[in-house]
Amino acid sequence: MKLRNKVANIIGYGNALKIKYFFQKPKPKEIIIDICAVCNAACPFCPRLYMPEERSKGYMDLELFKFILEEAKKEGIKSIRLYSTAEPTLHPKFDEIIDLLKKGNFYVSVSTNASMLDKHIDALMKVDILQFSIEGWDKESYEKYRIPLKFDKVYSNIKLFHEQKFNYSKHPKVSTNLLLTRNTDLKKYMELWADFIDEIQIHFMLEATTYENNKFVSKKNDKIKDEYYNFRKQENNFLCSYPFNILTVAFDGKIALCCNDFSASMNMGNIKEGIQEVFQSQILNKVRDEFYTQTLDKCKECSFFHKPYVEDTKLVKKEIDLLDEKFQQKIHTSF
């Protein structure tokens, strides 16, 4: 256990946060920019299923994007993530957006379902982190979780990108974000994808989080309800970096609380007001106060605070231990 966690356990997580931010107010270290609200997939575990229709379409104006980058430079922010609620490669000026980021010397992370990968190979070779969102371990399971994308197309794209990267002087670190279900065949998943991937991050598939009646709530999709693991609700020691260190901007400039705030409906302002203004908004400060006092209201039912049972994490770790060593070296878990 890290020293800071030991101290937090002794004095309480809320008090630890108060001390940390007493001397220096919270400041964003990175920005998540949702450059478009459009996605070409309808994954059964995704919060997009519950998004208001008006929030599920639209593209960020290039001038607004440039404004955000100028604001980031003024605040000394170097890290930009291009993903939150949608598929970023669908933006009609995606390649130009990547060029603007690299011209500004930003550290760039992109998450994509890889369905459009073949159309943006040159641009994506320039980013620093490229994350593929893939759950399937064969054609059937892939197309079950990534409706209506086609396995053959995505597999071909990822294989092509892997082969092409050796022709470039620079290429990104490639990762996947695997969401575990009770049906996941980890061995087959690794055999299928590991040759193309540098790092495989494994998390339990959580319920979708959506914002309703001024609070976040978690929902299971009935179509896959038997595939989720069971979770216990966290009752104390609440920590989350989003209200303190990460700024999330929707396609139209609206500020979202975090990556789970798909609707951006909390009236936290618009990036056009400037980073300093929106990151010290009254609503955001109230959310921080809930973490300082450890009396969560808005965020308590967020699925981030739903934790897997120890017996399940042990079983998954045992399954990982049985894998070939070359696979184990690529795996990183969140439990």
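Biologist: Which side chains meet in a salt bridge at 3.7 Å, N to O?

Modeller: In this predicted model, the side chains of Lys73 and Glu70 form that salt bridge.

Biologist: Where do Lys73 and Glu70 lie, and how many residues apart are they?

Modeller: Lys73 and Glu70 are both in helix 3, and 3 residues separate them, about one turn of the helix.

Biologist: Is Lys73 buried, partly exposed or exposed? And what about Glu70?

Modeller: Lys73 has a relative accessible area of 44%, so it is partly exposed. Glu70 is partly exposed as well, with 45% relative accessibility.

Biologist: How many salt bridges does the whole structure have?

Modeller: A search of the whole structure gives 21 salt bridges. As a general point, side chains of opposite charge can pair when their charged atoms come close.

Biologist: Which residue forms a salt bridge with Glu135?

Modeller: Its partner is Arg146, and the closest N and O atoms are 2.5 Å apart. This pair links distant parts of the chain, 11 residues apart: Glu135 is in the loop between strand 4 (129-132) and helix 6, and Arg146 is in the loop between helix 6 and helix 7.

Biologist: Are Glu135 and Arg146 buried or exposed?

Modeller: Both Glu135 and Arg146 are buried.

Biologist: What about Glu227: which side chain does it meet in a salt bridge?

Modeller: The side chain of Glu227 meets that of Lys144, at 2.3 Å, N to O. Here too the pair links distant parts of the chain, with Glu227 in the loop between strand 8 and strand 9 and Lys144 in helix 6, 83 residues apart. Glu227 is buried, with a relative accessible area of 8%, whereas Lys144 is partly exposed at 36% relative accessibility.

Biologist: Now to Lys298. Is it buried or exposed, and which side chain of opposite charge is nearest?

Modeller: Lys298 is buried, yet it has no salt bridge. The nearest side chain of opposite charge belongs to Asp297, 5.9 Å away.

Biologist: Then what does the side chain of Lys298 make a polar contact with?

Modeller: The side chain of Lys298 makes a polar contact with the side chain of Tyr211, at 3.0 Å. Lys298 is located in the loop between helix 11 (282-293) and strand 12 (306-308). Not counting residues up to four places away in sequence, Lys298 touches several residues, including Asn214, Phe216, Met266 and Glu290.

Biologist: Changing topic: how many residues does the largest nonpolar core have?

Modeller: The largest nonpolar core has 97 residues, and those with the most contacts inside it are Ile31, Ile33, Leu82, Leu101 and Phe132. Helix 3 (residues 62-74) gives the largest share of this core, 6 residues. Apart from it lies another core, of 5 residues, among them Cys36, Val38, Ala86 and Leu90.

Biologist: Which residues is Ile31 in contact with, leaving aside neighbours within four places in sequence?

Modeller: Among them are Ile68, Ala72, Ile77, Leu247, Val249 and Ile275.

Biologist: Which residues of helix 2 are buried?

Modeller: In helix 2 (residues 13-20), the buried residues are Tyr13, Gly14 and Leu17. They cover an arc of only 105 degrees around the axis, so they are on the same side of helix 2.

Biologist: What about the backbone: which peptide bond is cis?

Modeller: The peptide bond from Ile147 to Pro148 is cis, with omega near -5 degrees. Pro148 is in the loop between helix 6 (139-145) and helix 7 (151-164). For background, most residues other than glycine have a negative phi, and most peptide bonds are trans.

Biologist: What is phi for Asn213?

Modeller: Phi of Asn213 is near 55 degrees, a positive value in a residue other than glycine. Asn213 is in the loop between strand 7 (208-212) and strand 8 (215-219), and it is exposed, with a relative accessible area of 73%. Asn237 also has a positive phi, near 55 degrees, but Asn237 is partly exposed, at 33% relative accessibility.

Biologist: Finally, is Asn113 buried or exposed?

Modeller: Asn113 is buried, at 3% relative accessibility. The side chain of Asn113 makes a polar contact with the side chain of Ser115, at 2.7 Å.

Conventions
Residues are numbered from 1 along each chain as its sequence is written. This is a predicted model: local features need pLDDT of at least 70, side-chain atom pairs count only at pLDDT 80 or more; totals for chains, interfaces and linings use all residues. Side-chain values use heavy atoms; hydrogens and water are left out. Helices (H or I, at least four residues) and strands (E, at least two) are DSSP runs, numbered from the N terminus. Buried means under 20% relative accessible area, exposed over 50%, partly exposed in between (1.4 Å probe, protein chains only). Lys and Arg count as positive and Asp and Glu as negative; His and the chain ends are not counted. A salt bridge is a side-chain nitrogen of Lys or Arg within 4 Å of a carboxyl oxygen of Asp or Glu. A polar contact is a pair of N or O atoms within 3.5 Å; within protein, one must be able to donate a hydrogen and the other to accept it, and residues adjacent in sequence count only if both atoms are side-chain atoms. Contact means heavy atoms within 4.5 Å. The arc is that of the directions from the helix axis to the C-beta atoms. A nonpolar core is a set of buried Ala, Val, Leu, Ile, Met, Phe, Trp, Tyr and Cys residues joined through side-chain atoms within 4.5 Å.
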